[in-house]
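Let's walk through this chain together, from the overall picture down to single residues. Keep the sequence and the model side by side as you read.

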Amino acid sequence: MKRWLIPSYFVVFSLFFTYNSSALTIPFCPHDQSAALIQFNSSFSIDCSGFSQPSISRAKTISWEEGTNCCLWDGVKCDTETGNVIALDLSFSCLVGPFPSNNTLFLLRNLRQLNLAGNDFRFSPMASQFGQLTSLTHLNISWSSFIGKVPPEISRLSKLLSLDLSMSGLMFEGHVFENMVTNLTQLRHLLLSEVNMSQVVPTSFLNMSSYIQTLVLENNYELHGKFPEDVFRFPYLQKFRVSSNFLELKFPKTNWSAPLKSLQVTLSYLEELPDSIGDLKSLEILDLPVNHLGGPIPASLGNLTQLKYLDLSDNNLSGVLPVSAFNLRQVQFVDFSGNKLAGSFPSQVSELSQLSILDLDRNFLSGRVPSWLFSLPSLVSLRLSNNKLTGPIDQFDKVTPLEEAYLQNNEIEGPVPGSIALLVNLIYLDLSSNKLSGNFELDKLSKLKKLESLTLSNNALLSFTSESKANYSLPNLLSLNLSSCDIIDFPDFVRNLEGLRELDLSNNRIHVIEANMFVKLKELQRLDLSHNSLLSLSNNGNLSLFLPNLGYLSLSSCNLTVFANFLTIQESLRELYLSNNSIHGQITKQERTWGSNLVILDLSNNLLTVVEYYPWRNIKVLRLDSNLLEGPLLVPPPSTSVFSISNNKLTGEVPYSICEFGTEIDAALDLSHNNLSGVIPKCAGLANIAYLDLHANNFHGNIPDFCVNENNMLSTLNLNDNDFDGPLPKSLANCLLLEVLILGNNKINDTFPYSLGNLPSLQVLVLRSNNFHGQIINPDNQSYFSNLRILDLSHNNFSGYLPTTFFKSLEGMMGLADVDMAYMGDRFQYYTDSMVLTMKGEDIVLERILTIFAAIDMSSNKFEGTIPET
């Protein structure tokens, strides 16, 4: 989820008090109070190294010296008449250590202001003795590692004007919170971000002081129920902020005249933005992202003449883009992204002179992109991607401060306007995945000296010319993406981009790549030339092509037949993709140094016949699937976490050295579709494997134990189409992360595995074509297999009656309407789950299994019907 940072002048900070220590008369601190402070300080160590705010952390107490006037100490303020310590500001003072309940700080009974924020009190409980400081008007212990229950004695602090307990491990009991808000009748500012309020009834907030000005409940995810609407009518409320997944809120629809300046609600059940929002004439921040807002944006939004920050992103708002939003003279930030807004832009806008960021991504906006968008005097960021904008981009005639323009994934037609050369401050430009056509005069780019990223990919009708024959350069250009632009020749202007780090020319029709094209590109780190099917990469002279920083290279689907010589000298190369070519031959022990630093190598779908040695000692991902490899399995280096050598012609047994594989979490091993035989070695080395596919081989014997060790990672196990026999291993019931279990077409002899029914993640269970037998009886009438989506028990010897309760427990097949559509196994970067399913007598291969797919197959057994409910 993308979230913009609210500028610093919009943030509701915790309330730290300040004071002027240079008073005309410096009082003398009473000895007992000085001693109490010294003893307090001595109970902590001073260490600023471990704090995440080094710019504001400062060891204030390091200057405290016994025998000197404590009223002059850093962080201490005294009453000018009595000398009593009345304020102590030790915020972000690098104090480290437990905070005991008998702390001498509690002897300072005249304290009015106490700020201990931003220290590390090592998960100390909040002492009930805080309730002894009954003169306190300001208390701040946020960000200081207090934990446990807020003591009931907090209610004694009846003079409190400000209370900040944010970002701690504290929690409120319901009655403690209710007593506190009832007794603190002077409270103006209450900040409780990340305080556990699961026991608090939201109606308790109605008992707050009528003087409340600030209420912050950010990240209070345990707070649930209906929040009282009348809180928004409190006569002095200026700042309200809440984020809670289970809190229901409604704004007043009438007579809403509160003096609110900042209204922020996130991740809550807020379903409507009423017209009454326009009554909040003092509002400067309206921040309501990621809620459940629906319907149109009210036109009354235009009444908020003081509004500076407006965020309604990631809701369900619909209707046309409100014209009123373009009349906000003070607004600096507008984000309507991730909604269902439609319609087109106004033809002309005269306001928005202060607008700095405009984000309308992921809507259904249509029509042309008007020129005034590029002429706003303060606009720095323009985001219009993933809409339905059409027509050419209108020409404009003003130089503006625009730094980033994202218009990708629209239907914009016509040429790129020549006036784009006026955007001299542009840093990021993305016009990809449109219908741009005509000639892009690259010479115009020469004026964009600040440009760092240019993306024009997926504009197949766009052509490129350069009248000056590329005698210019873009000194700051770091990333250039021209994929899927139907380019035939390597673009000349690229040769001079000496600072370029990323170049993507994939999915084009480039014929020839020569070493001299990259002579000046010494900073290049990522190069993608994949899917240029007619590419000719000559070996002659290519050894001179040394790119010292190249870490990523893709030459997939380029019709290569041999390894290019220049690959042997790319010392920084860590990711190399050569899949879907026609590379033939062998990898032998003579290539001991080639690609020694590679971490990812994809050689899948080639014509390799022999691999007798792995020269890549640091490899983590190695793909050799779909080649012509023969002979025994060569186990990859121990560093490997993903290894696929499926769809080859390997023979023999799996060597015991496979036990060294899988030392990384979420390891994946795919040996499927070979002629491997023998038994699977039993070893702890398979403990970390999350994805194991051995199907379509000739393995036999018992299935070995899986998930013997704790913290096992097994998610997918596919042993289909082998000769395994014997019973299922009981240890499978320990595979708590198991989602897919496919054991079909073996000789497994067992009864129905009810022990797998408690696996919380199991979604696919395939036992077809084995020797499973006996009745399917629910042993204790409990709910089993509650998340199962696909169950295949066909072609076995099950018999007897099927209990109705068995089908009722398959809840995962009944609630698919609420399931997000995705593919099982998507969490693996290199694999998705697949299976064979029989439908209407035909075997259908599901290359990817949708999460919303459900199926049951119990055919070809000896069932006699179902047992009715009793």
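A contact here means heavy atoms within 4.5 Å. With that in hand, take the contacts in the chain between residues at least 6 apart in sequence: 56% of them join residues at least 24 apart. Before going on, some housekeeping. This is a predicted model, so local features need pLDDT of at least 70 and side-chain atom pairs count only at pLDDT 80 or more, while totals for chains, interfaces and linings use all residues. Residues are numbered from 1 along each chain as its sequence is written, and side-chain values use heavy atoms, with hydrogens and water left out.

How confident is the predictor? The pLDDT (its confidence in each residue, from 0 to 100) has a mean of 88 over the chain, and 90% of the residues reach 70 or more. Residues 7-23 are a stretch to treat separately: there the pLDDT is below 50, although the stretch has 39 contacts in the model beyond near neighbours in sequence.

Helices (H or I, at least four residues) and strands (E, at least two) are DSSP runs, numbered from the N terminus, and the chain comes to three helices and 62 strands. Of its 870 residues, 55% count as buried, where buried means under 20% relative accessible area, exposed over 50%, and partly exposed in between (1.4 Å probe, protein chains only). The accessible surface comes to about 37,000 Å², with 49% of that belonging to carbon and sulfur atoms; these areas come from the Shrake-Rupley method with a 1.4 Å probe, and for residues only the protein chains shown count as cover.

An α-helix has 3.6 residues a turn, so residues three or four places apart point the same way.

Next, a sheet. Two strands pair if DSSP finds at least two bridges between them, and three strands form an open, parallel sheet in the order S13-S15-S17. S13 (224-226) and S17 (269-270) are the edge strands, each pairing on one side only. Two bridges join S15 (residues 246-249) to S17, and Leu249 has Leu270 as its bridge partner in S17.

Finally, the cysteines. A disulfide is a pair of cysteine sulfur atoms within 2.5 Å, and the structure holds four. In one of them, Cys29 and Cys70 have their sulfur atoms 1.9 Å apart. Cys29 lies in the segment before helix H1 (31-42) and Cys70 in the loop between strand S1 (45-46) and strand S2 (76-78), so the pair ties together parts that are 41 residues apart in sequence. The torsion about their S-S bond is about 85°, so this disulfide is right-handed. Cys71 and Cys78 form another, at 2.1 Å; with a torsion of about -100°, the disulfide is left-handed. Cys71 and Cys78 are both buried.

Key:
pLDDT is the predictor's confidence in each residue, from 0 to 100.
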